[in-house]
There are 2 protein chains.
Amino acid sequence: MQSPRLKAARVARLATTDPDDRPHLVPIVFALEGDTLYSAVDQKPKRSQKLRRIENARARPEVTILVDHYEEDWDRLWWIRLRGRARVLDHGDERERAFALLQEKYPQYRPEPPDGAVLAVDVTEVLEWTA
Amino acid sequence: MQSPRLKAARVARLATTDPDDRPHLVPIVFALEGDTLYSAVDQKPKRSQKLRRIENARARPEVTILVDHYEEDWDRLWWIRLRGRARVLDHGDERERAFALLQEKYPQYRPEPPDGAVLAVDVTEVLEWTA
């Protein structure tokens, strides 16, 4: 989890598994601490939509996360794939700490901090690919 | 599949399911025709790596694809999620047609066209989200 690209990335994509066994996919913003990645449910509309990933992670905690870089010069493509085990933080100190990390990384969170569940992913595998 | 954002997008992320039931995730370039999305395996190194998605799609064809837009103004975020059923084209006219579509969209493919399998995803659901 020492990758500078991973630390600098502003957005990632989180794959969970739907109850019907199909993959579910959503973009996330995230913060890192140690080997754990944190992502919060924000207060925007369509909240029920966004909670799907949380319910999926509760039921089947093995998740996959991708950070990738695209540009038209394909020699400069790269991606980083993380596999890990998710925990849903509904309350508690670790959730508060995650909010602080997210607000530190994303000024957008400062006026209106997230107040929902936090998804904590304990990363067990990191694969980095460069063209 | 009439979304101008979807048509204009240069990169997407494909989620399949690994044999151990965990989600697998990789960035793809793609071309659209009708309700089908095409993506090819290129000739870059790490080919065995990239074939994982193909073998996954053969075994469990229900896949999910995400196109998303990130910028620091979160009022301008959007994403489009596609669910569909994948077919692997190892040869034949549809595969050749897919190569032509990909070369038309991506000049990068013109000097060195892909020569591997094509993943054709017949899209059954499109969900578009805008902040």
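Which residue of chain A forms a salt bridge with B:Arg10? The partner is A:Glu72, and the closest N and O atoms of the two are 2.8 Å apart. B:Arg10 sits in the loop between helix H1 (4-8) and E1 of chain B, while A:Glu72 sits in the loop between E5 and strand E6 (78-89) of chain A, so this pair joins two chains. Before I go on, please keep in mind that this is a predicted model.

A word on the idea behind that pair. Side chains of opposite charge can pair when their charged atoms come close. Over all chains, a search of the whole structure finds 34 salt bridges. Between chain B and chain A the count is ten. Another example is B:Glu62 with A:Arg22, where the closest N and O atoms are 3.3 Å apart.

Polar contacts come next. Between chain B and chain A there are 18 residue pairs in polar contact, with both residues at pLDDT 80 or more. Which elements of chain B give two or more residues to the side that touches chain A? They are strand E1 (12-17), strand E2 (23-28), helix H2 (47-59), strand E5 (62-69), strand E6 (78-89) and strand E7 (118-130). The largest share comes from E5(B), with six residues. By residue type, this side of chain B divides into 17 nonpolar, eight polar and 15 charged.

Now the interface as a whole. In total, 40 residues of chain B are in contact with 40 residues of chain A. How is the size of such an interface expressed? Often as the accessible area lost when the parts come together. Here chain B and chain A bury about 3,900 Å² between them, and 57% of that is on carbon and sulfur atoms. Three residues, B:Arg22, B:Leu25 and B:Trp74, supply 20% of the area that chain B buries against chain A, more than any other three residues.

Last, the empty space. Rolling a probe the size of a water molecule over the atoms shows where such space is left. The largest pocket holds about 250 Å³ of space. Its lining has 17 residues, and those nearest the centre are A:Val11, A:Arg13, B:Arg13, B:Asp68 and B:Tyr70. Strand E5 (62-69) of chain A and E5 of chain B are the elements that give two or more residues to this lining. How do the lining residues divide by type? Nine are nonpolar, two are polar and six are charged.

That is the end of my part.

Definitions and conventions. Residues numbered from 1 in each chain as written. Chains lettered and ligands numbered in written order. Predicted model: local features only at pLDDT ≥ 70, side-chain atom pairs only at ≥ 80, totals over all residues. Heavy atoms only, no water. Contact = heavy atoms within 4.5 Å. Buried area = accessible area lost by both parts, 1.4 Å probe. Salt bridge = Lys/Arg side-chain N within 4 Å of Asp/Glu carboxyl O. Polar contact = N/O pair within 3.5 Å; in protein donor to acceptor, adjacent residues only side chain to side chain. Helix = DSSP H or I, 4+ residues; strand = E, 2+ residues; numbered from the N terminus. Nonpolar A, V, L, I, M, F, W, Y, C, P; charged D, E, K, R; others polar. 1 Å grid on protein atoms, 1.4 Å probe; cavity = no way out; pocket = protein on both sides within 12 Å on 5 of 7 lines; lining within 4 Å. Points joined across faces, edges and corners; volume = space filled by probe spheres on them.
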